[in-house]
Amino acid sequence: MCYNVLCDKYATRQMYGYCPSWALSWEYRKKAILDEIRHYSADIISLQEIETEQFYNFFLPELKNEGFEGIFSPKSRAKTIFALIKEHLIEFNQLAMANAEGSDNMLNRVMPKDNIGLAALLKIKDSAWESMTEVTQITQPLLVCTAHIHWDPEFCDVKLVQTMMLSNELKSIIDEASHSFRPGHKSDTNSVQLLLCGDFNSLPDSGVIEFLSKGRVSMDHGDFKDMGYKSCLQRLLSNDSNEFTHSFKLASAYSEDIMPHTNYTFDFKGIIDYIFYTKTGMVPLGLLGPISNDWLRDNKVVGCPHPHIPSDHFPLLVELELMYTASQNAPPNGLINRR
């Protein structure tokens, strides 16, 4: 599950004047958010815009009662079938500072943005395999990353650079994990399954999503805005001819024809939240579908939050099957419709 819950300090009357004050209050919304999380019973929950106090004093205690453990960093989650091996904090401003040589814009545009990624390296507990007679590669770990990329549409270059730096960090984490789990074997980005989810604040036709889904983006992509990041990014990423590339084979769990919008406000409705998975090792079995347009129209919902929808983002939920020996190309076979 991937869910931006809308931080209380951002849920102002100025921003969401169409929502009744009582339904905008955090005391009301946090209970509704928790009810929604519980309702869908995901094994892994990735949350964005959680305040420190709310994570430790509300969400974590409530979810611990149901067998969850969690990790947190200001500005994840795993249930009983997974055990946490290691957590990683990815701070984009620190990465920008460390790799700014050759680009003033890396210092002046990317470095001041305090967005982060949070990654949890998980292993499947032995008890999860008790009902299976033959299991291969059960020690293969799973890396789950949640990220919240910069929001401002005027900084599409920053969004793309942050995503590329994230990709490089995830490769380093997976390389390290590969050596730990398979000593002596050549490192392979596909030896650890990857779930990458979060609020990328980027539309499906953006450079960010092109890079993640296609594994490559042109060095001259318009989203770079001719800002001169090429020299420092070439030190971070693989490059082939005139393209930056990554070796993760990712697919998006959702397509535009299934989910027309993940963020639904009065003046913006679009897809900016995503769940990416390693398509060579996981197969989506079912998805949580969108809220019915008829329901939105009948209830005169012009934007969210709303008394029945506690965030301006809709939660994404996908059921995934880990594949080791069976076909990797089975199509999704389930869609759960909301309301």
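## Aromatic pairs

If rings of Phe, Tyr and Trp (its six-membered ring) are paired whenever their centres lie within 6.5 Å, the count comes to 14 aromatic pairs. A pair of aromatic rings is described by the distance of the centres and the angle of the planes, and planes under 30 degrees apart count as stacked, over 60 as edge-to-face and the rest as tilted. This is a predicted model, in which local features need pLDDT of at least 70 and side-chain atom pairs count only at pLDDT 80 or more, while totals for chains, interfaces and linings use all residues. Residues are numbered from 1 along each chain as its sequence is written, and side-chain values use heavy atoms, with hydrogens and water left out.

Phenylalanine 58 and phenylalanine 59 make an edge-to-face pair, 4.9 Å centre to centre with 80 degrees between the planes. Phenylalanine 58 counts as buried (under 20% relative accessible area, where exposed means over 50% and partly exposed lies in between, with a 1.4 Å probe and protein chains only) because its relative accessibility is 11%, and phenylalanine 59 is likewise buried, at 1%. Phenylalanine 200 and phenylalanine 276 are also edge-to-face, at 6.2 Å centre to centre and 85 degrees between the planes. This pair links distant parts of the chain, 76 residues apart: phenylalanine 200 is in the loop between strand E6 (193–199) and helix H7 (207–214), and phenylalanine 276 is in strand E13 (residues 273–278). Helices (H or I, at least four residues) and strands (E, at least two) are DSSP runs, numbered from the N terminus. Phenylalanine 200 is buried, with a relative accessible area of 0%, and phenylalanine 276 counts as buried at 0% relative accessibility. Elsewhere, Tyr16, Tyr18 and Phe266 form one aromatic cluster.

## Helices H2 and H3

Helix H2 (residues 26–40) packs with helix H3 (residues 52–64) at an angle of about 35 degrees, their axes lying 11 Å apart; these axes are lines fitted to C-alpha atoms, for helices over the stretch in contact, and angles run from 0 to 180 degrees between N-to-C directions. In contact, meaning heavy atoms within 4.5 Å, are Trp26, Lys30, Lys31, Ile33, Leu34, Ile37 and Arg38 from H2 and Gln54, Phe58, Phe59, Glu62 and Leu63 from H3.

Within H3, the buried residues are Gln54, Phe55, Phe58, Phe59, Leu60 and Leu63, and what covers them includes H2. Not counting residues up to four places away in sequence, phenylalanine 59 touches Trp26, Lys30, Ile33, Leu34, Ile37, Ile50 and Gln54.

## Nonpolar cores

A nonpolar core is a set of buried Ala, Val, Leu, Ile, Met, Phe, Trp, Tyr and Cys residues joined through side-chain atoms within 4.5 Å. The largest one has 51 residues, of which Met1, Ile37, Phe59, Leu195 and Ile275 touch the most other members. A second, separate core has 46 residues, including Leu212, Val217, Leu236 and Leu237.

The buried residues of H7 are Gly207, Val208, Ile209, Phe211 and Leu212, and they pack against helix H6 (156–181), E6, strand E7 (216–218), strand E9 (243–245), strand E10 (250–252) and E13. Just after H7, glycine 215 takes a positive phi of about 80 degrees.

Isoleucine 291 belongs to strand E14 (residues 282–291) and is buried, with a relative accessible area of 6%. Although isoleucine 291 and histidine 261 are 30 residues apart in sequence, their C-alpha atoms are 9.7 Å apart in space.
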